[in-house]
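Try each task before reading its solution.

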Amino acid sequence: MRLGRIASPDGVAFVSIEGEGDEQTAREIAEHPFGTPTFTGRSWPLPDVRLLAPILATKIICIGKNYADHAVEMGSVPPADPVIFMKPSTTIIGPNVPIVLPSNSSEVHYEGELAVVIGRPCKDVPAAKALDMVLGYTVANDVTARDHQAQDVQWTRGKSHDTFCPLGPWIETALDPSDLALRTQRDGETVQDSRTSLMLHDVPEIIEWISAVMTLLPGDVILTGTPAGVGPITNGQTVSVSIEGIGTLTNPVKTKG
Ligand code: MG
């Protein structure tokens, strides 16, 4: 199932997105998409509604340096254990919403990533049971002010500016995350081209590692790291991240104000 969140003339709702191409329909879900969703009976042609970020997380946990080639391009070595950091929930934006470049940064980078959306409250989950805790997968851009990240001892400022976590276009619930093509394009030029099979720590290991620290709640989002090829985005550019089996997340880039 493809789970999305939309703005329609009647308000904001979770939906199931069905069909393909120009024939896609958004079927309204009652309440929330967790467990077994029930439907209200209302639906809209997808072109008649606006797709929002598919989930509003209570927290976003990210894995740093989870692809060896990216660790190397950052002048680092691949870490033995997962390295985690967080982005605040206020970084989340939906498809086609501008990434806003902070006026106090001169180097903002895209980072295309597979995002895991948690479906059940959980703590201390062994890797063997981790995928049972997953609602589905979506596409993320872990936008980073590289200069702020470099200036500070830790990464919070560089990772946390408003609009720095585009998510979407929807959550795919029926997907094996272990070997998916991941591609990032900047103004149509391919700048990242990799596969999720190249993660140093896979999705089950990541969930085990994070849930040993903190309780994960339905809707929480885990960004699984970016492959090599990160680079700057500037005012007027467009960045698109595509993941096999999910779709493409596109956002324009603009300066503040
Ligand atoms: Mg990242």
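**Exercise 1. Find what the side chain of Arg42 meets in a salt bridge.**

Solution. Arg42 and Glu28 form a salt bridge, with N to O at 2.9 Å. The term requires a side-chain nitrogen of Lys or Arg within 4 Å of a carboxyl oxygen of Asp or Glu. Strands here are DSSP runs of E, at least two residues; helices are runs of H or I, at least four; both are numbered from the N terminus.

The model is predicted: local features need pLDDT of at least 70, side-chain atom pairs 80 or more, while totals for chains, interfaces and linings use all residues. Residues count from 1 along each chain as its sequence is written, and side-chain values use heavy atoms, without hydrogens and water.

**Exercise 2. Decide whether Glu28 is buried or exposed.**

Solution. Buried means under 20% relative accessible area, exposed over 50%, partly exposed in between (1.4 Å probe, protein chains only). Glu28 has 9%, so Glu28 is buried. Arg42 has 38%, so Arg42 is partly exposed.

**Exercise 3. Trace the salt bridges of Asp142 to Lys87 and Lys159.**

Solution. Start with Lys87: N to O is 2.6 Å. Lys87 lies in strand β7 (residues 83-87), and Asp142 in the loop between β12 and β13, 55 residues apart. Now take Lys159: the closest N and O atoms are 2.9 Å apart. Lys159 sits in helix α4 (residues 156-159), 17 residues from Asp142. Finally, shared partners join Lys87, Glu111, Asp142, Arg146 and Lys159 into one network.
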